[in-house]
Amino acid sequence: MGDFWLPEAASTMAPEVDSLFNFVTVVSAILLVGVVAAMLWFTYRYRRQDPAERPAPVKESKVLEISWIVIPTILVLLVFNWGFKSFVKQKTVPENAYEIQVQARSWAWTFEYPNGVTTDTLYVPANEPVKTTMSSQDVLHSFFVPAFRVKQDVLPNRYTSVWFEATEEGTYDLFCTEYCGRNHSEMDATVKVVSRDRFDEWLESAGTPDDIPLPRLGERLYTQQGCQGCHSLDGSDMVGPTWQGLYGKTDHQMADGSTITVDANYLRESILESGAKLVEGYQNVMPSYSNLSEREVTGLVEFIKEQSDKEPSQE
Amino acid sequence: MSTTTQDAPVEQGEHDSDDTNYLNHETTIWSWLSTKDHKRIGVLYCVSLALVFLVAGVLALFMRAELSAPGETIMNNDTYNQVFTMHGILMVFLFLVPSIPAILGNFVLPLQIGAKDVAFPKLNLASWYVYMAGAALTITALLAGGVDTGWTFYTPYSSTTGGGVLWMTAAIFVAGFASIFTGLNFIVTIHKMRAPGMTWNRLPLFVWGMYATSIVQVLATPVIGITMVLLILERVLQIGIFDPALGGDPVLFQHFFWFYSHPAVYIMILPAFGILSELIATFSRSRIFGYRAIALSSVAIAMLGFLVWGHHMFVSGQSAISSIVFSLITYLIGIPSGIKVFNWVATLYKGSIWLQTPMLYALSFLFLFTIGGFTGIMVGVLAVDVHLHDTYYVVSHFHYVMMGGSVVALLGGMHYWWPKITGRMYNETLGKIAAGLVFVGFNLTFFPQLVLGSRGMPRRYATYAERFTELHQLSTYGSWILGAGLFLILGYALHSLAYGEKAPANPWGATTLEWTNVAAVPIHHNFERTPLVTRGPYDFHLADEVFGGGDGKALGDETPRIPEPAPSAPTEEDAKESAGA
C-alpha cells in the first residue's frame with residue numbers, strides 16, 4: 001500500500017514517516033468504510049415505504065455517545081504521540097552531521113560545501129547524517145526532497161535547517177514548495193546520493209577545475225555529467241558505445257552504412273551534437289552537451305583518448 | 001395559503017396574502033436595492049455569490065486544463081499563477097466565507113426562530129453594499145494588473161510583486177466588514193428575537209450552527225482586516241513589519257494571516273453542519289440523535305478554532321514547541337467533528353428515509369466530509385505533515401472539506417429551501433442526476449490529488465514532472481464531470497424560476513417554523529401571527545399540524561399539504577389582560 005501512496009524511501013526517516021502514514025491511512029479507511037456502510041445500510045433498511053410514516057423517536061444512548069467521544073480521543077492521542085516522537089527525531093540534528101550550506105533565490109538553488117565548492121546539484125554522502133543550513137536571498141522558498149520525507153521553509157532573514165541520512169545511492173528530486181513567483185514550478189534541483197568514497201573524490205576534484213590536467217578534468221566530468229550511465233570504460237556494452245579502445249578505431253560502423261575513423265574531431269562533434277553521426281546498433285538518445293565549456297569538451301576528449309592505445313592514422 | 005386561524009380579522013389577512021408575498025409586494029428595482037427585508041437581502045446575496053462562484057469555478061476549470069499535461073498547455077506560468085490566485089481569493093473571501101450565512105442564514109434564520117426580521121435590518125442591507133464594494137475593489141485589482149501572490153499573500157513576495165496587490169488587500173479588508181455585520185446581526189437576533197417558546201434547546205440546529213459561526217465572524221474577521229492594513233502600510237509607507245528588507249519578519253505575517261484564516265475555515269464549515277442537521281432530520285423524519293452534542297460541539301469547534309492556527313506552519317520556521325502544542329489542540333478539534341458525523345449517521349437509524357435531492361447531498365456530505373476529516377488528521381500528524389505540507393495532499397484535503405463539505409451542504413440547502421425562496425419546485429430527476437455528477441466528478445477530481453500529494457507533487461506548480469501526468473489527467477477529467485453537474489444545476493434552477501411547478505408550503509413534511517407556519521412564498525413580514533413554539537424542532541411524532549392528527553393516514557408526499565398552524569402566541573392585548581388579571 002505504501003508503494004501506491006508514497007514515493008521511494010531513501011532516508012532513515014522515511015520508513016518511520018511511512019509507517020505512521022500507513023497506520024493513519026488504514027485506520028481512517030476502516031472507520032470510513034464503517035461510517036459509510038452504516039449510512040448506506042440505514043438508508044436502505046429504513047427507506048420510506050409509505051409517505052405517512054412517522055417513526056417513533058429513538059431513545060438516545062449515553063453509552064453510545066460517550067463511546068464515540070472516548071474511542072476517537074484515544075485514537076487521536078495515540079497518533080499525536082507517535083507523530084510527536086518522530087517529529088522530535090526530525091528536529092534533533094545528530095552531532096556529527098556533515099554540514100552543507102544551501103542558498104535559495106528565485107528560482108535556483110546553490111549548495112556550498114565546507115571546502116568552498118559550490119554546485120547546483122546537491123551531492124550528499126550515503127549513510128551518514130547531513131545537515132543543511134539554509135537561507136534565502138529574496139522571498140520565501142521551501143526545501144523539499146520527497147524521497148527523504150524532509151521539508152523546511154527557507155527564509156530571507158534567518159537560518160533554518162533540516163537533517164537527513166540518505167540510505168540509498170541514487171538520484172532524487174528536490175522541489176521548492178513555498179510559492180515564490182513566476183518560475184516556482186521550475187525551481188527544482190537534483191540530489192545525488194553517492195558513497196562516501198566517491199563523495200570525497202568528487203569533492204576534492206570539484207574544488208579546482210582550472211588547474212587540473214585536461215584528462216583529469218575529463219575523468220571528473222565523466223561521472224559528474226553522467227557519461228558513465230551509458231558509456232563503459234571496460235568494454236562492456238551499455239546504452240552507448242564503450243570508450244575502451246574507441247579512439248583511433250578505423251572501422252567505426254555508422255547507421256547509414258559508412259565507416260569512419262574515430263579522431264578528436266569526431267569525438268568533439270559527438271559530444272556537442274550526438275545525432276550527427278549515429279553509430280550502427282545504437283539509438284539516437286544522447287542529449288547535446290553543448291553547455292560544456294571549451295576546456296571541458298577538450299578534457300573529455302583527452303580522457304577518451306586515454307582509454308585507447310591506438311592512434312588514428314594520419315592522412 | 002398556508003395558515004388558517006380561528007378568528008375573523010386574521011382570515012382577512014389570509015385573503016390578502018394569497019396575492020402578495022415578499023417577492024411581489026413591491027417589484028421595482030429600487031425596492032430591491034433599498035430593501036431591508038432579510039429574505040430579499042438573502043436573494044441579493046444569492047445572485048451576487050452565484051456570479052462569483054461561476055467565475056471562480058470557470059477559473060478552476062482553466063487550471064485543470066493547464067495541468068492536463070506536464071509542460072505549458074494553454075497558459076504561461078504568469079497567467080497560471082494569477083488564475084490560481086484569483087480562484088483561491090474569490091472562492092474563499094468572496095464566496096465561501098459569506099456563502100451560507102449570507103444566503104441561507106439571511107433567508108432562513110429569522111423564519112426558523114419565528115422573527116419578523118433580523119435585529120438590525122439596515123445593517124443587514126449595509127452588509128450587502130459593503131460586500132459589493134469589496135467585489136468592486138477586486139475588479140479594480142484585476143484591472144490594475146492582477147494578483148499573483150496566492151490567496152495567502154505570504155510576505156515578502158506580496159510586499160514586492162507588482163500589480164493589484166494593494167487593491168486586493170483593500171478588497172478583503174472591506175469585504176470583511178460585510179461578514180462582521182452579518183455575524184453581529186445574527187448574534188443579537190438569536191439572543192433577542194426568538195418567538196415565545198423557542199428556547200435554546202428548541203433552536204433548530206441550523207440556527208445553532210449560525211450562532212457559532214457568527215461568534216467566529218465577529219471575533220476573527222478584524223484580525224484579517226488589521227493584517228491587510230499592515231500590509232498596505234508596509235507597501236505604501238515602507239514601514240517594516242513583514243518584509244525583512246525593511247526589518248520585518250515574514251513569519252509574523254503567517255501568524256496573523258492564519259489567526260484569521262484558520263477560524264475562517266470554521267466560518268465556512270459550521271453553517272454547513274447546520275444545514276446538514278436540517279436535511280438529515282427532515283429526510284429521515286427523526287429527531288437528531290444527540291441534539292445537544294451537535295449544538296454544543298459547534299460552539300466548541302468555534303472556540304477551539306482560535307487556538308490551532310499554527311498547524312499551518314509546522315515547516316515555516318516556527319519553534320518546534322509551538323508546533324507540538326498546535327498539533328495537540330488540532331486533534332482536540334477533530335473530536336467534536338467526529339461526534340457530529342456519528343450522530344448524523346445514528347439519526348438515520350429507525351428513521352423513514354426519503355432520498356430526495358437534498359438528502360443525496362447530505363449523504364454525499366457525510367462521505368466527503370469524513371474523508372476531509374481523516375485527511376485533516378493526517379496532515380495534523382507532525383512528522384507526516386513535514387512530508388505532506390504544501391503538496392497536493394493538502395490541496396485535496398481542504399477541497400474535501402471546503403467543497404465536499406461546505407459547497408455540497410450549500411447545494412443541499414439551496415435545493416431544500418428553493419421552494420420556500422422561489423415558490424417553485426425544481427426538476428427532481430435532473431436534481432438527482434446533477435447530485436450524482438457532482439459526487440462522481442468531485443471524487444474523480446480530488447482523490448487522485450491525494451495520491452499526487454503523498455507522492456510528492458508540490459502545490460501551486462504550473463508545470464510538473466512527467467511521472468505525475470496520469471493522475472493529473474484523471475483529475476482534469478473529473479473536473480469536467482464536476483463542471484457538467486454544476487452547470488446542469490444552474491440550468492434547471494433558471495428553468496424552475498420561470499416554469500417550475502408551484503411549490504406547496506411544506507413540500508418535505510418538515511417541522512421547523514419556516515415550513516409549518518409560513519406561506520409557500522413567505523409574506524413580507526414572514527408570519528401572520530407570531531408563532532408559539534410548543535415542541536422541539538425535530539419532534540416529528542408531535543408535529544400533528546404537519547401530519548394530520550396522528551391518524552396514520554397523513555397525506556402523501558406528492559400531495560401539496562397545507563399545515564395547520566402551531567398555536568399562536570398571545571397578542572400584546574392578551575398579555576396585558578392576563579397581566580391585569
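This report covers a predicted model, taking in the contact between chains A and B, a helix pair in chain B and the domains of chain A.

## Contact between chains A and B

Chain A gives 68 residues to the contact, and chain B gives 75 residues. On the side of chain A that touches chain B, the elements giving two or more residues are α2 (13-45), α3 (62-91), β6 (141-145), β7 (150-154) and β9 (170-176).

## Helices α14 and α15 of chain B

The axes of α14 (residues 392-422) and α15 (residues 428-454) of chain B come within 8 Å and cross at roughly 165°. Because angles over 145 degrees count as roughly antiparallel, α14(B) is roughly antiparallel to α15(B). Their crossing is left-handed.

Residues of α14(B) in the contact include Tyr392(B), His399(B), Met403(B), Leu411(B) and His415(B). From α15(B), Val438(B), Phe442(B), Phe446(B) and Leu450(B) are among them. By class, this contact has 12 nonpolar, 8 polar and no charged residues.

## Domains of chain A

Chain A is divided into domain 1 (2-49 + 58-91), domain 2 (98-195) and domain 3 (208-306). Taken over C-alpha atoms, the centres of domain 1 and domain 2 of chain A are separated by 33 Å.

Where these two domains of chain A touch, domain 1 supplies 9 residues and domain 2 supplies 13 residues. The domain 1 side of that contact has 6 nonpolar, 2 polar and 1 charged residues.

How values were computed
Residues are numbered from 1 along each chain as its sequence is written. Chains are lettered from A and ligands numbered from 1 in the order in which they are written. This is a predicted model: local features need pLDDT of at least 70, side-chain atom pairs count only at pLDDT 80 or more; totals for chains, interfaces and linings use all residues. Two residues are in contact if their C-beta atoms, placed from the backbone, lie within 7 Å. Helices (H or I, at least four residues) and strands (E, at least two) are DSSP runs, numbered from the N terminus. Axes are lines fitted to C-alpha atoms, for helices over the stretch in contact, and angles run from 0 to 180 degrees between N-to-C directions. Angles under 35 degrees count as roughly parallel, over 145 as roughly antiparallel, 65 to 115 as roughly perpendicular and the rest as oblique. A crossing is left-handed if the near helix is turned anticlockwise from the far one by less than a right angle, and right-handed if clockwise. Ala, Val, Leu, Ile, Met, Phe, Trp, Tyr, Cys and Pro count as nonpolar, Asp, Glu, Lys and Arg as charged, and the others, Gly among them, as polar. Domain bounds come from an automatic or database domain assignment.
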